[in-house]
Amino acid sequence: MAQLFDATTGASGASPKQFTVTIVGGGIGGIILAVGLLRRNVRVQVYEAASAFAETGLGLSIGPAAHRAMSLIGPDIRDIYDSLVTTHADCPGYEEFRQTWFEVVWATGPYADQTLMNLKALPSGQTSVRRADFQDALVNLVPPDVVQFGKRLVELEESKDGVILSFEDGSSAYADVVVGCDGIKSKVKEHILSPEEVRQTKPRYSGMYSYRAVLDMDTMIEAVGDRRARMSTWYIGKGSYGITYPIQRGKKANVGLFTFKDSWDTDSWIREATREDMQKDFGHMGKYVNRLMKYVHNPSQWAIFEYPLISTFHKSRVAILGDAAHATTPHQGAGAGQAIEDVHVLVELLADSSVTTVEHVKAAFYAYDAVRRPRSQQVVTSSKENAELMCLSHEGIGDEPEKLKQTWNERFRWLWDVDLNEQAENARKLMHDRIEQANINHASE
């Protein structure tokens with residue numbers, strides 16, 4: 001018989017909540033959700049597939065909206081992020097660009113190698129952090145007794161009394177309510193959607209692949225000069241684009257080169273490539289990109305996959321957030337930020353004084369879905385469109401300078417200037433209305 005765990009520990013002190021929130025997945029989204037709920041005296045239990053908290057060494061960058069949301073979830077979360085990030089102010093002589101998101105440089109056409117615009121992200125600017133460093137610091141905010149490791153979810157089964165989670169090691173756990181933070185291969189999402197929708201929303205090749213590299217800052221300066229090395233830069237061109245930005249307090253730089261290609265002929269998301277392949281893809285992209293390519297050794301191609309939009313982020317006692325709900329392409333650096341916005345709305349709803357029972361949580365999940373799904377799915381759509389903009393192929397805009405500048409200013413204002421408190425309050429009102437209606441219906445029975 002499978003071993004059964006009772007997920008009832010978490011918050012310190014007595015809680016008026018008659019439920020524990022079970023979080024599946026201990027990545028950054030799951031940890032921040034756990035911290036936000038614990039700070040509000042909501043019990044949590046976290047199940048993580050790995051044997052210990054572990055993140056990749058990839059970079060993480062968030063925009064101003066998510067930066068503000070971290071403070072609303074927990075000021076210590078924002079403090080940790082701010083203590084680790086790289087900004088333009090970390091590069092001596094570039095302090096005045098603290099609020100810059102990216103400089104946009106032409107890579108093709110009559111303006112090749114000239115600057116189109118300085119795109120600002122007020123007030124925080126471009127910030128980047130190593131994911132693993134951020135997660136390692138966040139882990140210290142989570143009491144060890146609320147996390148169980150080595151619990152890879154294989155199935156959820158819901159009944160009138162709760163949810164049974166079955167794990168790969170043969171054990172099971174009871175849960176009152178579940179939030180899936182289990183990423184792009186989410187098992188929790190598979191429970192929420194119908195089998196047919198699961199089949200229809202499998203990831204698919206987006207029509208783009210990329211080359212990636214991390215270069216020492218001295219190498220970057222040798223390749224493209226001091227300003228281009230130290231400033232976060234988009235290189236925009238016909239059918240392709242490049243992106244570079246400083247990391248590790250300006251000691252290194254991330255480099256990404258993206259191009260449209262119709263097909264991807266391998267099952268793997270990564271395939272080996274040659275310098276000739278890279279030259280064929282980006283040889284038309286101006287002096288800066290061509291100089292960068294000389295320093296990208298052992299090149300490989302990384303397929304960019306996209307995830308079709310899904311019909312719901314919740315089902316009864318179960319909800320999903322972050323990549324499990326709305327994985328996005330990387331073309332506007334907004335994926336992690338949307339997960340943080342998800343968390344902000346969820347913790348505000350679940351901590352609300354009117355939410356004390358599982359039935360109330362169902363209303364909270366309904367309201368969370370109603371408010372967060374439209375916005376996060378629009379971010380997914382606009383990310384794909386941003387790739388077209390940077391590749392000068394977006395219909396009606398193409399390579400017209402003034403239209404590009406206007407479009408980017410408008411799109412990023414929409415992304416970053418959202419009223420986070422209003423977003424949460426809209427969800428709260430929907431939740432209260434739902435709870436009140438349920439009470440009316442119950443009284444009339």
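# A guided tour of the predicted model

Begin by selecting Ser232: setting aside neighbours within four places in sequence, this residue is in contact with His88, Trp101, Phe102, Glu103, Gln126, Thr244, Tyr245 and Pro246, where contact means heavy atoms within 4.5 Å. Ser232 sits in the loop between α8 (226-230) and β14 (233-237); helices (H or I, at least four residues) and strands (E, at least two) are DSSP runs numbered from the N terminus. Its relative accessible area is 0%, so Ser232 is buried. The classes are buried under 20% relative accessible area, exposed over 50%, and partly exposed in between, with a 1.4 Å probe and protein chains only.

The model is predicted: local features need pLDDT of at least 70 and side-chain atom pairs count only at pLDDT 80 or more, whereas totals for chains, interfaces and linings use all residues. Residues are numbered from 1 along each chain as its sequence is written, and side-chain values use heavy atoms, with hydrogens and water left out.

**The nonpolar cores**

Next, select Val21, Ile32, Leu33, Ile77, Phe134, Leu138 and Val178. These are the residues with the most contacts inside the largest nonpolar core, which has 79 residues. A nonpolar core is a set of buried Ala, Val, Leu, Ile, Met, Phe, Trp, Tyr and Cys residues joined through side-chain atoms within 4.5 Å. Which residues does Val178 touch, not counting residues up to four places away in sequence? They are Thr22, Val24, Leu156, Val163, Leu165, Val188, Arg317, Val318, Ala319 and Phe365. A second, separate core of 30 residues includes Trp101, Leu404, Trp408 and Phe412. In soluble globular proteins, nonpolar side chains tend to be buried together.

Now colour residues 19-38. UniProt, in an unreviewed entry, places the feature "transmembrane region" here; positions follow the numbering used here, feature names are shortened, and annotations may be inferred rather than shown by experiment. In the model, the span is 55% helix and 20% strand, and its end C-alpha atoms lie 13 Å apart.

Helix α10 (residues 286-293) is a further covered element, with six of its eight residues buried. Those buried are Gly286, Tyr288, Val289, Asn290, Leu292 and Met293.

**The second largest pocket**

Select His314, Ser316, Glu359, His360, Lys362, Ala363, Tyr366, Arg434, Ile435, Gln437, Ala438 and Asn439 to display the lining of the second largest pocket. On a 1 Å grid over the protein atoms alone, a pocket is an open set of points where a 1.4 Å probe fits, with protein on both sides within 12 Å along at least five of seven lines; lining residues have an atom within 4 Å of a point. How much space lies in this pocket? The value is about 270 Å³, a volume being the space filled by probe spheres set on the points, which are joined across faces, edges and corners.

Helices α13 (358-390) and α15 (420-444) each supply at least two residues of this lining. By class, the lining has four nonpolar, five polar and three charged residues; Ala, Val, Leu, Ile, Met, Phe, Trp, Tyr, Cys and Pro count as nonpolar, Asp, Glu, Lys and Arg as charged, and the others, Gly among them, as polar.

With a relative accessible area of 41%, Ala438 is partly exposed. Ala438 and Ala363 are 75 residues apart in sequence, and their C-alpha atoms are 9.0 Å apart in space.

**Backbone geometry**

Ser316 has a positive phi of about 55 degrees although it is not a glycine, and its relative accessible area of 25% makes it partly exposed.

Asp113, in the loop between β5 (100-106) and β6, has a positive phi of about 75 degrees and is likewise not a glycine. Asp113 counts as partly exposed, at 22% relative accessibility.

Move to Pro123, in the loop between β6 (115-120) and β7 (129-130). A cis peptide bond, with omega of about 0 degrees, joins Leu122 and Pro123. Most residues other than glycine have a negative phi, and most peptide bonds are trans.

**Last stop: Trp269**

Finish at Trp269, in the loop between β16 (252-260) and β17 (270-272). Is Trp269 buried or partly exposed? Its relative accessible area is 33%, so Trp269 is partly exposed. Leaving aside neighbours within four places in sequence, Trp269 is in contact with Ile184, Trp264, Gln301, Trp302, Ala303, Phe305 and Tyr307. The C-alpha atoms of Trp269 and Tyr209, 60 residues apart along the chain, are separated by 9.3 Å.
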